Amino acid sequence: MAPSFEQLTEQDLHEEEEEEEIDFSDLKAQFEVKADEGLDTFVVIDGLPVVPEDSRQKLIKFLLRKLNTVGHTSEDAVFMPLNDKGMSEGFAFVEYETPEQAVAAVKQLHGVPLDKKHTLAVNKLMDIERYGREGRVEEEYQAPAVEPFKEKEHLRSWMGDSNARDQFALYRNDKVGVFWNNKSNPPENVVDRAHWTQLFVQWSPKGTFLASVHPQGVQLWGGSTFTKQKQFPHPFVQLIEFSPLEGYLTTWSARPIQVEEGQPVLTFEEDGKNIIVWDIESGKPLRSFVSHDLTAGPTPEGDVAPKKKVQWPAFKWSADEKYVARMLQGQSISIYEVPNMNLLGKTSVKIDGVNDFEWSPATVVREGIKQQEQLLCFWTPEIGSNPARVAMMSVPSKEIVRTRNLFNVSDVKLHWQSQGAYVCVKVDRHSKSKKSMATNLEIFRVREKGVPVEVVDSLKDTVINFAWEPNGSRFVVITTGEAPTGAAVPPKTAVSFFAPEKKGSSAGNFKLVRSIEKKTSNGIYWSPKGRFVIVATVHSQSNFDLDFWDMDFEGEKVEAEKDLAANLQLMKTVEHYGVTDVEWDPTGRYVVTSASVWTHSMENGWNLHTFSGNTLSENPTDKFKQFLWRPRPATFLSKEEQKQVRKNLREYSKEFDEEDKYAVDIANTAVVETRKRVLNEWLAWIRREKEIQAEEKDAFGLPEDADSPKQALDAPVGGTDEGETVVEEMVEEIIEETEEVIG
Amino acid sequence: MRPILLSGHERSLTQIRFNGDGDLLFSVSKDKIVCAWWSANGERLGTYNGHQGAVWTVDVSPNTVLLATGSADNTVRLWNIKTGECVKIWEFPTAVKRVAFSPDGSKLLAVTEKRMGFLGTIAVIDISYGENLGAQADEPSLRITCNESKATVAGWSFLSKYIIAGHEDGSVSQYDPKTGDQLANVQVHEFDMQINDIQFSPDRTYFITASKDKSAKLLSARELAILKTYPADTPLNSAAITPKKEYVILGGGQAAMDVTTTSARQGKFEARFYHKVFEDEIGRVRGHFGPLNTVDVHPAGTAYASGGEDGYVRIHHFDKPYFDFMYEVEREQMRK
């Protein structure tokens, strides 16, 4: 095998640089062996029993059985040398047919027990030559130096901010920076680095790490100064996905991984794979996979998309991170146990025609069920005369909890509520003639006994967007009529707000609160704390309005909506030209709307608003790409403590208001002071400049007004009179106005 | 502030200048015509015809007797303002990009383009105001050659002590107008970001530069020290210092060649007002539908005019609020 660059150590490189007077016979010796390719097929088996000559053949035969499990070799290819006493030495040389088989033997047979007493030690012959040659191994054992303990930066230091500010990552041009949000004041920089990432940045779900994506792999950063934390060397990685509790990371690349020798983390297991599931703690791959081809399965419409589209996230995590599942379109769902990554029950769950599935985002406490398991919802389209089906499966028992048959289905989308209390199944149905479309919302009440299903009155139009209130039981849908073919303007949309009826402790039936017609909106962005929602028109050429809604307005309520658990009020409408993204901060206090250069190059930048739509700052930014709030981990306060805080909010806020006021005062005085200083400096400069000039004039013997145009050299005599032109301007001025009544 | 719209040019404006009294406004454009306007009402006084190419630059003698223009036809022409006749033509090997009279009107400088094997130069010509205005020197009294980066704009400092030139590479240099020696060269703007305009304060002790690097800077004429920086979000073509009030006016916009691919919304075709001392942006005036190529302020500080790529000149006479506006600290300073 030829020496490759990766195998050279730093020292080797250094030595090559000053090769002149150096005797590099040792280097020669080192590389000479490797150049000899013929030895690639040889391995050395050590740890064999020492046998006399006559039982040698028996041992070889016995050994061959093991050796042939990984490749092909024969009796002739095994050479077991004997010593002077006619006894074997406890090792043997074996030649395989190909170098690959030899590599496989090293990988798979090393450390395998031969019998009770003997364990095989398998090495490539070349490695033995390379590392085991005389002088390479120290005669005396030297204990490896234990690195002294280094204190690491606290990974959650940002949570300790005394003002409970939030951080955000900003990716613009080639630079990525992390900043503190300072409300209307300019954000405070934490770090700002050029070329921090190649593709994009992403926070882990609890905000501990910031991931940057490079052709060499994924790099995680964390701590107060964002130092390197973990590396996941997946070459040419394109997409990444964290597990919900930050334990694991999934990475994907379009081109299959090519593992080169000397790669410290990846092994031959990963060769040719596209997806790796990593353990973040150890930085080691758990298991790797080849990505499924999405076009493999027949789509319900029958038309197979010509473009291969990656299905992402390919692996979906259960809420407790104990399982990770992947679907093979139209055939099965494979559920793996984490961290051993073995298939649950050793087989994939066969589901004919399965089209999509979603895990419950939280572990649901179901009525009448003692053993709480993870829930998984999936659907299958109509196949032949069988109806389409939506089903809920409990994992790990793989028991189907609830199933529902549907007809005339063209598409289904599954929407879990954030606590897993409901699943809304959005069913797009077509009429028999397949000409008109309608949408049904079927809501599974997961917590209630037997999982009852409620059908929300069928909507005439197609639903283009749907979103549950986080931790709530209300939702917003956006519907649109049929677009006239060839129309340049997208059809008008309608925004509908739904809420349950008030009925004791449990939520009643879902009813329409209000529907706003003739909108252009297409995006729904709920505050992470619920109650407030932004309905926006994004990615549009002509409209870019953002409506800030309050679902619990503390004012008078419309009579017709009296028995609904909502009081809808439009707080404000804001426009942000070319808006492409809307991001709520994790506390639901602020929201950032941004226009990214990834979508268009018009007026890129980001604007900061309060939850109620007051714009705090506008930040036009050249080549703006990404704005990401740093997520926060779940609170440590118990429900009671949270309630206590809410109760005493007025007290707390008084304190903070005062602090804010003080900060503003300080800032104002500072501004005034700087202005004063700047102005005085300016005036002093002007004065000094005047003095110097006057001195110079004196020195030249020029009059005070030497520069005045009237003193121009050779100015014609009396030029002042002639040169001046009189502009006649007629100005009418009413001096007096009287009105006389005649007659 | 109602603008007066002067629509006398058929192509984009290149430079506009008020005369010393501020009653006249001269405008030149790529349509080869030089126009004179009454600044008070926008009436056209007349035109100066004769140039064979786009007119790049214009300047008025301090006593409003002579008008100098420089053009792409490689000439500098001197006009009798009153009669409109061309009294003198100087030929140069390349186009003339900027002309400027010295503060006393006794000298005229002309910045020539670097082209066809000729290096960019700054030529200084002596001007006389005798009975016969045509009796002018035939040859420049001095030629300064820009070996490194060509000069794009130039002007005279107080007492004609220095010639200050802005260069294509974003640097500003100071020349001695007697010997032609370069006294200093400072890289004030980003490298290779051309300086598009230089205009002086009324007392000519400091000046403002407008650059393609989206900023304007206030520099002292004596040391070329950067006094103030005014950042903008668009390339700047012109900048002016207002007398009477402590403001600067910047004009610019999306480069002319990119205009067709960007919307007017994004073009940023506005005149921007900054506070000269505090460097804050305090206002914008919209109106042009192309980049602003040139701005100039009335010498009394009562009006300003802008000329755009769209072929229009807009004269704005300032309203009362403009003069009333003051920072609290300035008010305090006044009271003292």
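Helices (H or I, at least four residues) and strands (E, at least two) here are DSSP runs, numbered from the N terminus. This is a predicted model, where local features need pLDDT of at least 70, side-chain atom pairs count only at pLDDT 80 or more, and totals for chains, interfaces and linings use all residues. Residues are numbered from 1 along each chain as its sequence is written, while chains are lettered from A and ligands numbered from 1 in the order in which they are written.

**Confidence**

- The predictor puts the complex at an ipTM of 0.87 and a pTM of 0.68.
- For chain A the average pLDDT is 82, and 86% of the residues score at least 70.
- Two stretches of chain A stay under 50 in pLDDT: residues 1–5, with seven contacts beyond four places in sequence, and residues 709–723, with 29 such contacts. A contact here means that the C-beta atoms of two residues, placed from the backbone, lie within 7 Å.

**Where the chains' helices meet**

- Helix 7 (residues 649–700) of chain A packs on helix 3 (residues 328–335) of chain B at about 50°, with the axes 9 Å apart. Axes are lines fitted to C-alpha atoms, for helices over the stretch in contact, and angles run from 0 to 180 degrees between N-to-C directions.
- That angle is why helix 7 of chain A counts as oblique to helix 3 of chain B; angles under 35 degrees are roughly parallel, over 145 roughly antiparallel, 65 to 115 roughly perpendicular and the rest oblique.
- Chain A brings Val672(A), Arg675(A), Lys676(A) and Leu679(A) to this contact, and chain B brings Glu328(B), Val329(B), Glu330(B) and Gln333(B).

- Residues 6–37 of chain B are 0% helix and 53% strand, and their end C-alpha atoms sit 9 Å apart.
- Residues 285–315 of chain B come out at 0% helix and 52% strand, with 11 Å between the end C-alpha atoms.

- Most residues other than glycine have a negative phi, and most peptide bonds are trans.
- Val338(A) and Pro339(A) are joined by a cis peptide bond, omega about 5°; Pro339(A) is in the loop between strand 18 (332–337) and strand 19 (342–343) of chain A.
- Val395(A) to Pro396(A) is also cis, with omega near 15°, and Pro396(A) falls in the loop between strand 23 (388–395) and strand 24 (399–406) of chain A.
- Lys32(B) has a positive phi, near 75°, and lies in the loop between strand 3 (24–29) and strand 4 (34–38) of chain B.

Notes:
pLDDT is the predictor's confidence in each residue, from 0 to 100.
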